[in-house]
Amino acid sequence: MVTIGNKVWRDVKGDGYQNRKDRGIPGVKVTISTTAGGAVTDIFGNVVGPVFTNKKGLYKFSDLPAGQYKVTVTYPPGLRPTIANRPGRKRNSSTGSVISSNLRLGQSDNSLDFGMVAFDNTLLPSTS
């Protein structure tokens, strides 16, 4: 099986990088699809629906067959993407949607992160 996921976070500095003071955003809707936008079926034959980030802003899709997937985030009201595609995939931010690595059975891609700032261009305060 394959696992995909990671974090939706508040970008306190607004620089597109996850820093020590950046905290996760709970309750954000995250969906997964094929790279062509079709439905994903897990290894048990179930259609994989959306998930919501936990209190630390983490999300995960598991029990997926080998392959490559598109993950899309729904921005909560008042929030927009921070700077995207900064160097260092594990620490940077994606915007709207991102394509996973092409994964073989037993592999994971936990680098699919989404940083957010306030829509009015002000930065969000850090939360605990």
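Predicted model: local features only at pLDDT ≥ 70, side-chain atom pairs only at ≥ 80, totals over all residues.
Visitor: How many helices and how many strands does the chain have?

Guide: Read from the N terminus, the elements run β-β-β-β-β-β-β-β-β. The chain therefore has, by the DSSP runs, zero helices and nine strands.

Visitor: Why is strand S9 described as largely enclosed by the rest of the structure?

Guide: Strand S9 covers residues 114-118. S9 is largely enclosed because the number of its residues that are buried is five of the five.

Visitor: In which sense do strand S1 and S9 pair?

Guide: Strand S1 spans residues 2-10, and three bridges link S1 with S9. In S9, Phe-114 is the bridge partner of Val-8. The sense of the pairing between S1 and S9 is parallel.

Visitor: Which residue in S9 is the bridge partner of Pro-81?

Guide: Strand S6, residues 79-81, pairs with S9 in the antiparallel sense over three bridges. Pro-81 is the end of that residue range. The bridge partner of Pro-81 in S9 is Met-116.

Visitor: Among contacts between residues at least 6 apart in sequence, what percentage join residues at least 24 apart?

Guide: A contact here means heavy atoms within 4.5 Å. Counting the contacts in the chain between residues at least 6 apart, the part that joins residues at least 24 apart is 66%.

Technical notes. Residues numbered from 1 in each chain as written. Heavy atoms only, no water. Helix = DSSP H or I, 4+ residues; strand = E, 2+ residues; numbered from the N terminus. Buried < 20%, exposed > 50% of the residue type's maximum accessible area, 1.4 Å probe, protein only. Pairing = 2+ DSSP bridges.
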